[in-house]
Every structure is written in structure tokens, then in C-alpha cells.
Amino acid sequence: MLRSDYTEQSAKPMDVLVSLSQQGDRNAFRQLYQQYTGRVYVVCLRLLADRSKAEDACQEVFVKVWQQLALFRGESSFSTWLHSIATRTAIDIWRQDKLLRLATAEMPEIAGAEMGQSRELEQLILRLPHQARAVFVLFALEGYQHQEIAELLGIAEGSSKSQYHRARQLLREWLDEN
Amino acid sequence: MKTEQELDALIAGLSSELQPNRDLWPELEQRLTDSAAAETKVIAIKTNTWLSVPFASAYVASAASVLLAVTLFWQPADIQSLTAKQSEVFNPRSLDAQTAIVYSFEQAKAEQLASMKTVDPVYADWQQQMAQWQQAIGQVQLALKYNPNEALLLKQLRQLYSQQQNYLQKVVQSGLV
């Protein structure tokens with residue numbers, strides 16, 4: 001799903017939930033969490049390729065959202081605003097992870113036997129090399145442009161493009177093997 | 001090799017959402033409470049005029065004299081109970097954070113176990129493996145009793161549970177194939 005595809009599912013209730021959450025209503029915030037946790041978690045998992053870190057990152061995103069809700073003025077949709085926080089938070093953790101990650105770290109198993117080929121691709125994305133995976137997720141799945149990705153990840157625009165092509169090449173090879 | 005178009009089609013079919021394997025809300029709620037408490041503390045400190053710069057030198061002087069008096073006259077009495085009292089004051093929510101982690105993982109584990117049908121022979125010793133993780137979890141929990149709210153221990157607890165959960169997921173899926 002691209003960034004532009006994030007649409008509010010039902011405008012009024014969402015506005016009300018955001019407004020109540022801004023006033024400190026924990027129950028309203030829980031509903032926001034329930035509605036968006038899947039979208040936030042998928043970004044975190046694909047970028048970090050580690051379930052435990054993705055869960056941690058997902059919580060971190062919602063803590064930030066809770067803390068910064070007062071700053072949300074409704075200039076963009078809530079989901080766009082939330083998604084931007086989610087991506088940036090996951091990238092921050094991805095950066096730290098870049099320094100600490102062990103090559104032997106185990107890949108998480110994606111749940112859901114019904115997903116078939118999609119599940120296979122999800123697993124293969126998690127197997128991609130660290131930087132190639134981040135570029136692939138941000139470009140192909142999150143709809144960022146290479147220039148934006150270069151800024152977010154602190155790499156050259158050319159590197160972003162080459163990493164993206166490398167990721168695609170690897171995915172095509174691996175899909176063929178399986 | 002798959003063509004570019006085939007890969008694009010697969011990418012387009014990827015889900016825009018994936019739910020975590022366990023309910024993250026109990027832990028998240030705890031973190032919200034902790035962050036609110038920390039924020040209140042910072043605001044209280046910032047707005048306290050008695051902690052402003054003009055009073056700083058007076059504080060330093062008072063602290064120095066108190067330190068001198070303590071050094072001269074203090075008899076080492078019940079150090080352990082003092083330390084325990086301090087840790088109670090600074091870590092009032094320690095058990096809650098731990099409970100939230102245990103609760104959410106144990107709930108997810110119960111659901112995974114309930115969905116288990118058959119087990120692939122590769123995972124014949126799964127119960128023994130699970131018991132080993134449980135033992136490690138128990139040890140971290142024991143350490144948390146002595147160091148409540150220790151962030152590294154809580155993280156370790158989460159990681160052990162998460163590893164156990166990953167393993168159990170594989171066991172469960174082996175029976176579904």
C-alpha cells in the first residue's frame with residue numbers, strides 16, 4: 001500500500017476518536033490503536049525483519065503518537081500523520097540495528113497459512129540484506145521516492161536505486177528457487 | 001526466473017496490514033502511563049521556582065553541609081531497608097510492566113497451543129524445548145524480583161518470550177502443512 005492509499009475509513013468517528021484522544025481519553029486511543037496497529041506493525045516488521053523489535057517499535061510509535069497528539073492539527077489526515085511517525089520511528093531503530101545486528105539473527109515466521117505466494121514473498125523480503133530491504137520496503141511498498149529514501153536512510157540517491165534493483169533481482173531469484 | 005511483471009503482481013498482492021502475534025495493548029498502556037508520569041515529573045521540576053538558578057548556590061552550600069554532617073555523625077544502621085524503600089519510591093510500577101509482558105505473551109501462547117493439531121516429527125521434542133525457554137524465563141523473572149523495573153531484564157524477558165513464540169509458531173505450522 002502506498003502512502004497516498006491511506007484513507008480514513010470513516011471520517012466522523014475517526015475525527016471524534018482523535019479529538020477524544022487529544023483530551024487524554026485512553027479508551028478512544030485504544031480504538032485508534034486497534035484500527036491502525038496492523039498498518040504500523042507491518043512497516044516495522046518489514047523494515048526490521050525481527051518480530052520482537054517490530055513489536056517494540058510498534059509500541060514506540062503509539063507512545064510517540066500519544067505524546068504528540070496535541071501537535072496534530074488535522075492539516076493532513078490522521079493516518080498519514082501516524083504513518084509518517086511509524087516510518088521515521090522504524091527507520092531510527094533500523095539505523096541502530098544496522099550497527100548491532102548479528103548475521104545469525106533468526107528470521108521471524110510470518111503467520112497466516114492462507115497467504116500462499118504473498119506469504120512466501122513476505123518471508124523473502126525479510127531475508128533481503130539490511131539496506132536493500134529498507135530501500136525496497138520504502139520504495140515498492142510505502143511509495144517513497146528515491147530522493148526521499150536517500151534522505152531518510154542517509155545514503156546517496158544512486159545507492160537507493162541500485163539497492164532497489166539488487167533487492168528485486170534477489171527476490172526474483174529466490175522466488176524461482178522455491 | 002520470475003519476470004519483472006510477475007514480481008510486480010506479487011508485490012501488489014502483499015497485504016497492507018499484519019497483526020502482531022500477541023496483544024501489545026497491555027504493555028503499551030503501561031508505557032503510556034509511565035511516559036505520562038515521567039512528563040509530570042519533568043514539568044513539576046521545571047516549574048518549581050525553588051529549583052531555579054538563583055537558588056543553586058544555596059543548594060550547593062546546604063548539600064555540602066548536610067554531607068559533612070552525615071559523614072561525621074551518621075551511624076550505619078539499616079542500609080538494606082533504606083535501599084528497599086528507595087527502590088519502592090522510584091519503581092512503583094515495576095510489577096505492572098512485568099505482568100503486562102507475561103500476560104500478553106502467555107495469552108498468545110495459550111492461543112497458539114489451542115490451535116495446535118498435529119506436530120511434524122522434526123519437532124518431536126517441542127515440549128522439552130519449550131520447557132527450556134520457560135526455565136530461562138523463570139530465571140529472568142527471578143532476577144526481576146531483585147531488580148524490579150530493570151529495563152534490560154524486561155527486554156530480555158520480552159526477547160525470551162518472543163523466541164519461544166517464534167519456535168511455537170513453527171511447531172504449530174508444521175502440523176498445518
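Start by selecting A:Ser162, which sits in helix α8 of chain A. Helices here are DSSP runs of H or I with at least four residues, numbered from the N terminus. Before you go on: this is a predicted model, where local features need pLDDT of at least 70, side-chain atom pairs count only at pLDDT 80 or more, and totals for chains, interfaces and linings use all residues. Residues are numbered from 1 along each chain as its sequence is written, and chains are lettered from A in the order in which they are written.

Now show α6(A) and α8(A) whole. Their axes (lines fitted to C-alpha atoms over the stretch in contact, angles running from 0 to 180 degrees between N-to-C directions) come within 8 Å and cross at roughly 95°. So α6(A) is roughly perpendicular to α8(A), a label for angles of 65 to 115 degrees. Among the residues making the contact are A:Val135 and A:Phe136 of α6(A), and A:Tyr164 and A:Arg166 of α8(A). Contact means C-beta atoms, placed from the backbone, within 7 Å.

Finally, bring in chain B: 35 residues of chain A are in contact with 29 of chain B. On the chain A side, α3(A) gives the largest share, nine residues.

Notes
Two residues are in contact if their C-beta atoms, placed from the backbone, lie within 7 Å. Helices (H or I, at least four residues) and strands (E, at least two) are DSSP runs, numbered from the N terminus. Angles under 35 degrees count as roughly parallel, over 145 as roughly antiparallel, 65 to 115 as roughly perpendicular and the rest as oblique.
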